Amino acid sequence: EDGAVTDAGEVTLKEVLNDDWDRVIALRRAEGDDRLVASNACSLAETRINIHATALAICVAGEIVGFLMYERLTEEGRPHAYSIFRLMVDARHRGRGIARAAIRHVIDRLMNDPELELISICYVADNAAARNLYGSLGFKEIGLDEDGEMIAEFRP
């Protein structure tokens, strides 16, 4: 099942329910991506302790092909700021525009917050694909975090 997703409408997001965990955990990162993104099992476990985190399955034609997590920065006193802190697309579905469509959907979803301040995302500073993707969606790089990852922000 190759080919670009030509219509972002083909990509949908759905809350990860308990019966989706096995499918989300079974998603495979591309070779070398283990240094770029945490495992889905660890991320799902985190949702059990971080009440501000939202875990979403990325679906194409009803099939779970990726995983995304974001959190509301309420603990930092910024309830209208959000951080996308996990994004992965299964290795077999890479290069089809799925990540781009998923980020667009998250931006649309968070724009429903009438007081939206910003959406931030971090990535490995030398990840050119991430830099290009997020930059093309309106994220502006603001500098490195304490772990040396690039922080980029989207402001409405």
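These legends describe close-up views of a predicted model. Local features need pLDDT of at least 70, side-chain atom pairs count only at pLDDT 80 or more, and totals for chains, interfaces and linings use all residues. Residues are numbered from 1 along each chain as its sequence is written, and side-chain values use heavy atoms, with hydrogens and water left out.

View A. Strands (E, at least two residues) and helices (H or I, at least four) are DSSP runs, numbered from the N terminus. Two strands pair if DSSP finds at least two bridges between them.

**View B. Strand 5 (residues 118-124) is mostly covered.** Six of its seven residues are buried (under 20% relative accessible area; exposed is over 50%, partly exposed in between; 1.4 Å probe, protein chains only). Strand 5 pairs with strand 4 (residues 78-89) in the parallel sense, over four bridges. Here Ala 81 stands opposite Leu 118. Strand 5 also pairs with strand 7 (residues 149-154), in the antiparallel sense and over six bridges. Ser 120 has Glu 153 of strand 7 as its bridge partner.

View C. Glu 141 is the bridge partner of Ala 152 in strand 7.

**View D. Arg 131 forms a salt bridge with Glu 141.** The closest N and O atoms are 2.7 Å apart. A salt bridge is a side-chain nitrogen of Lys or Arg within 4 Å of a carboxyl oxygen of Asp or Glu. Arg 131 lies in helix 4 and Glu 141 in strand 6, so the pair ties together parts ten residues apart in sequence. Arg 131 is partly exposed, at 31% relative accessible area. Glu 141 is partly exposed too, at 36%.

**View E. Arg 72 and Asp 113 meet in a salt bridge.** The N to O distance is 3.4 Å. Arg 72 is partly exposed, at 32%, whereas Asp 113 is buried, at 9%.
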